[in-house]
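Please read them with the coordinates open.

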Amino acid sequence: MMTTMMKTTVYLVLLASIVFLAPGCLGNQPANMDWAAPAVTTGSGDTDGIQRVLDTYANALVTKDRNKFASILDPASPAFAAQELERFDRLIDVPFDQYNLGLISQSQTSPGAAAVKVASAYTLRGSFTELPDLDQSAYFMVKGNDGWKLSGDANEQLLGKKREAQFEDFGKVDVLGGDHTIVLYHAPDRAMAEMAQRMTEASVPRLVEVIPGTRLPQVMIKVYSGADEINQSFPGKWQEWTASASRQLGENAGQGGEIIIDAQVLADTNASNPSYNQRLLAHELTHIVLFPQTGNRTPPFLIEGLADYIGGIEDKSLLKERLSSGNQFSPTLRDIYQPGGFTALLSTEAATLAYEEADTAVALLEKKYGNDKVLELLREFRRREQDSVNQDTLVNDTFMSVLGVSWNDFESEWRDYVLGS
Ligand SMILES: [Zn+2]
């Protein structure tokens with residue numbers, strides 16, 4: 001958001017000039033391709049028997065059948081079994097619609113024992129219908145008299161690292177359902193979960209007005225207690241200026257996205273600048289809606305600026321000061337038409353500038369060319385995402401064909417607009 005995305009945090013910062021710096025958002029993060037699963041490469045072995053156990057595990061989570069779930073845990077590994085049962089109990093209220101565990105590969109570790117690599121994904125009832133990109137995990141399994149059982153966590157051995165923390169690792173998951181939201185949270189964060197839900201729901205009318213045709217199932221919102229939990233779940237992805245994030249869950253509209261909230265940031269912001277939270281949530285929800293309409297080469301400033309246009313335009317005093325000084329500064333508007341332009345921002349100040357640039361650029365586009373043209377720009381960038389021209393040429397050509405203005409001319413109009421307003 002104003003300053004900030006997908007996954008990161010330094011709360012509220014006061015600049016010398018008492019400019020309120022709100023945390024930003026990780027919104028234009030590309031799809032999490034790094035989590036995509038490779039093609040299934042099962043080795044020889046009892047593939048069917050092992051897959052059956054994975055199916056039972058997944059089915060028990062959907063149908064909330066604790067006995068069935070317990071039946072595929074190895075009683076000779078009581079600590080692991082207890083941990084898995086605790087996981088089951090923590091997920092008991094989560095309305096899974098589909099839960100998919102697919103065997104990627106297996107290797108025999110000793111007679112009657114195997115290590116398996118598994119791809120997993122789930123959907124929630126009422127939310128996006130298609131399974132998101134798959135997550136990977138790994139298990140040890142043993143074969144007993146009545147078939148295979150899960151006996152341990154093999155992430156370090158097979159995937160080379162501990163599994164990133166899952167939401168349920170932080171406690172029992174509670175659920176709030178709404179018209180357009182389904183909020184997952186832990187009991188201590190209930191007040192912030194309710195606030196996040198109320199504010200997200202309240203942003204829908206404006207969103208539908210600016211982006212006609214918007215149809216939203218329940219968007220999943222995960223409320224984390226603070227930066228510590230978020231960093232365990234998304235290591236290295238949360239920048240210091242990130243307050244909240246939206247995360248694309250796949251390339252297709254049906255895979256949707258989720259919103260990630262830091263309850264501590266929400267609470268702090270509520271104390272100092274309550275209206276900011278409303279903008280933050282409208283901003284993230286806009287990202288979810290725009291994911292399927294956004295190409296890999298859509299200028300990030302358009303995406304972030306549009307999210308703030310819907311959420312509420314932010315301050316622009318820092319940008320105005322920098323522009324009138326005549327000195328060079330970074331990032332420029334041009335820097336943030338490059339793919340990944342926002343994820344490259346390393347400081348809160350750079351993020352603030354970038355959001356002010358994005359907001360004013362989109363405000364100018366809306367004012368001078370109209371909302372239809374802004375949406376047409378988005379469509380055109382998506383249509384041309386495979387073009388072989390470089391980004392400068394693509395941006396210039398697209399502005400020319402949709403708006404009839406070159407990039408250079410637009411940039412100077414924008415400068416005048418910021419300085420004159
Ligand atoms: Zn954003």
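**Notes on the predicted model**

1. An open sheet is made of 4 strands in the order β4-β5-β6-β7, with antiparallel pairing. Strands here are DSSP runs of E of at least two residues, helices are runs of H or I of at least four, and both are numbered from the N terminus. Two strands pair if DSSP finds at least two bridges between them. β4 and β7 (147-153) are at the edges with a single partner strand each, so one side of each has no neighbour in the sheet. From one strand to the next the twist averages 35 degrees; such angles run from 0 to 180 degrees between N-to-C directions, with axes fitted as lines to C-alpha atoms, for helices over the stretch in contact.

2. On provenance, this is a predicted model, in which local features need pLDDT of at least 70 and side-chain atom pairs count only at pLDDT 80 or more, while totals for chains, interfaces and linings use all residues. Residue numbers start from 1 along each chain as its sequence is written.

3. Within the sheet, β4 (residues 96-110) and β5 (residues 113-124) pair in the antiparallel sense over 12 bridges. Tyr 99 has Tyr 122 in β5 as its bridge partner. The hairpin of β4 and β5 has 2 residues between the strands, and Gly 112 takes a positive phi near 75 degrees there. β6 (residues 135-144) and β7 are joined in the antiparallel sense by 6 bridges, and Met 141 stands opposite Leu 150 in β7. Helix α1 (residues 47-63) packs on the sheet, where it touches β4, β5, β6 and β7, and its direction makes about 150 degrees with that of β4. Contact means C-beta atoms, placed from the backbone, within 7 Å.

4. For the whole chain, the count is 15 helices and 12 strands. Of its 421 residues, 43% count as buried. A residue is buried if 20 or more other C-beta atoms lie within 10 Å of its own, exposed if 12 or fewer, and partly exposed in between, with C-beta atoms placed from the backbone.

5. The largest nonpolar core has 70 residues, of which Ala 196, Val 223, Ile 261 and Leu 306 touch the most other members. A core of this kind is a set of buried Ala, Val, Leu, Ile, Met, Phe, Trp, Tyr and Cys residues joined through C-beta atoms within 7 Å. Both domain 1 (35-170) and domain 2 (294-421) contribute residues to this core, so it lies between them; the bounds come from an automatic or database domain assignment. Apart from this core lies another, of 24 residues, including Tyr 57, Leu 61, Phe 69 and Leu 103.

6. Helix α10 (residues 300-311) has 12 residues and spans 16 Å from first to last C-alpha, close to the expected 16 Å, which is 1.5 Å times one less than its number of residues. Of its 12 residues, 12 are buried. The elements covering them include α6 (204-210), α9 (274-290), α12 (348-368) and α13 (371-383). Gly 312 follows α10 and has a positive phi, near 130 degrees.

7. Which residues does Gly 305 contact, leaving aside neighbours within four places in sequence? They are Ala 358, Asp 359, Ala 361 and Val 362. Gly 305 is in α10 and counts as buried because it has 28 C-beta neighbours inside 10 Å. Gly 305 and Tyr 355 are 50 residues apart in sequence, with 7.0 Å between their C-alpha atoms.

Definitions and conventions
Contact = placed C-beta atoms within 7 Å.
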